[in-house]
Amino acid sequence: MPDPSTFPKSRWPEEVFQGFQFYVDSERRDLQEPNRQDTVRYFQHLAPDKLVVPRADSFASTQSRVRFIEDTRLSVPFEKPATSNMHWNSGSQSLMFTNMAEGELRQWTPSTAEIQTSHVVAEGRNICRSHRCDWNKDGIDDYLLSEIGGLAVADHYLGRVSLKMGDSAPQVLLEDASRIVDAKPYDYDQDGDLDILVADFGWLKTGAMRLLENIGGTPESPIFNPKVIDPRHGPLGVEIADMDGDSLMDYVVMYGQEFETIEINYNRGHGKYEKDTIFRLKDPSYNSSSFQVVDLDRDGRLDIVYTCGDAMDTFLAKPYHGVGWVRNAGLKEWEDHWLGLLVGALGASVADLDGDGDLDVVGVGMFPRPVEFGPGTYDSICWWEQQSELNFIRHSIEQDRSQYTSVEIADVNQDGRPDILAGVWQVYNESAFRVFLNEPSDAKVD
């Protein structure tokens with residue numbers, strides 16, 4: 001049952017109506033419906049009058065060894081960007097990014113030119129994410145493309161998975177799916193060839209975790225048998241990693257919608273898996289948005305950094321949105337550690353930002369109404385500096401421009417320090433991303 005404290009009193013009539021409508025749409029008839037007005041009164045009685053979100057300018061100022069300064073010269077202009085995914089290619093020293101509105105995978109290489117440019121690498125149906133690989137092992141970059149099929153949130157069957165190999169046009173591997181948000185190559189059944197795991201987020205009535213089982217063909221023209229391996233909607237992405245140290249690659253999925261879970265599917269060999277739900281957020285209104293598998297505390301065990309903050313369903317700032325991580329304590333024990341508030345948190349990335357030998361976390365947020373409440377209301381980019389004993393200090397990088405859906409960390413200007421790239425979403429006459437260069441700070445830090 002939803003937690004009454006997650007919404008203010010004024011929002012519960014709408015939330016209760018939606019809950020009853022879910023039951024109607026499910027076509028189930030096995031439950032006895034309570035009185036709707038009694039239900040509204042119950043939630044409003046326990047709900048706060050309003051959600052109190054601490055202002056960004058109310059946080060104490062913090063100092064660190066580095067600071068991040070936006071370099072507006074390193075901007076790639078777009079009429080209305082929709083940068084849903086970014087990946088730095090260290091080999092070519094370039095950024096691969098998706099323009100989801102135009103359905104493009106693009107590449108940008110930093111230059112000294114007055115106007116920065118990018119070029120199209122691949123096109124599709126509103127490409128959400130891309131994954132770089134060498135599918136046919138010819139030494140040339142290939143890309144798995146996750147095509148969400150449209151910007152509008154809807155139940156449809158326009159989603160696709162495509163594979164672009166080298167200079168060839170993308171070939172469609174899966175179509176007539178719903179809203180595909182991620183696809184990763186993975187030998188699911190350990191038969192020596194690459195299958196593909198597909199996160200089909202869908203919406204209310206569509207979506208599933210899918211498997212494209214490789215059943216033959218050639219490396220240049222593979223043949224797949226599509227299967228549903230989990231019928232639930234809402235998978236936000238999939239990561240491949242050995243989570244239990246048994247030398248078999250497992251896969252990790254984060255679910256949004258009504259589930260709000262992080263789940264590890266442990267590989268037990270020959271297509272057999274053991275699922276373990278290692279983390280569950282308190283309520284669907286927490287709005288899971290992204291995750292990353294990384295050994296954050298560098299103890300030899302893989303952890304998971306996550307964000308929760310998709311505010312596009314309610315347009316409501318929530319004090320429980322932000323960035324956290326789930327620590328792998330060993331022996332299948334997992335500990336939840338909250339890093340802190342970030343309204344509209346949609347993406348996070350991890351690197352040693354201050355050069356002290358441990359890993360730090362940067363998060364970006366998107367909230368569509370940041371300027372309604374005056375300057376200093378919300379942080380749009382923060383980073384958390386790791387110190388001793390798993391303590392993190394929160395630093396604000398930027399406020400009041402909560403327009404970011406993705407983030408990448410890379411040494412853009414090749415000065416030996418990692419910089420931050422924040423992907424911009426649907427702002428007229430903007431850059432596709434903003435670059436914040438890592439510079440030494442004048443602050444004295446113990």
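Modeller: Before we start, strands here are DSSP runs (E, at least two residues), numbered from the N terminus. This is a predicted model, where local features need pLDDT of at least 70 and side-chain atom pairs count only at pLDDT 80 or more, while totals for chains, interfaces and linings use all residues. Residues are numbered from 1 along each chain as its sequence is written, and side-chain values use heavy atoms, with hydrogens and water left out.

Colleague: Okay! What makes tryptophan 203 count as partly exposed?

Modeller: Partly exposed sits between buried (under 20% relative accessible area) and exposed (over 50%), with a 1.4 Å probe and protein chains only. Tryptophan 203 has 31% relative accessibility, so partly exposed it is. You'll find tryptophan 203 in the loop between β12 (195-200) and β13 (208-218).

Colleague: And how many cavities does a search of the whole structure find?

Modeller: Two of 30 Å³ or more. On a 1 Å grid over the protein atoms alone, a cavity is a set of points where a 1.4 Å probe fits but cannot get out; a pocket is an open set with protein on both sides within 12 Å along at least five of seven lines; lining residues have an atom within 4 Å of a point. The largest cavity has a volume of about 50 Å³, counted as the space filled by probe spheres set on grid points joined across faces, edges and corners. Its lining includes Pro54, Phe59, Tyr378 and Arg394.

Colleague: What does the lining of the largest cavity have by class?

Modeller: Seven nonpolar residues, one polar and two charged. Nonpolar covers Ala, Val, Leu, Ile, Met, Phe, Trp, Tyr, Cys and Pro, charged covers Asp, Glu, Lys and Arg, and the others, Gly among them, are polar.

Colleague: Which residues line the second largest cavity?

Modeller: Among them are Met209, Arg232, Tyr251 and Lys275. The elements giving two or more residues to that lining are β14 (221-230), β16 (250-255) and β17 (261-267), and β16 brings the largest share, three residues. The second largest cavity holds about 40 Å³ of space, with five nonpolar, one polar and four charged residues in its lining.

Colleague: How much space lies in the second largest pocket?

Modeller: About 350 Å³. Of the 19 residues lining the second largest pocket, Ser61, Thr62, Gln63, His395 and Ser396 are the closest to its centre.

Colleague: Where does the largest share of that pocket's lining come from?

Modeller: From β26, with five residues. β1 (66-70), β25 (379-386) and β26 (392-399) each supply at least two. By class, the pocket lining divides into eight nonpolar, eight polar and three charged residues.

Note on methods. Helices (H or I, at least four residues) and strands (E, at least two) are DSSP runs, numbered from the N terminus.
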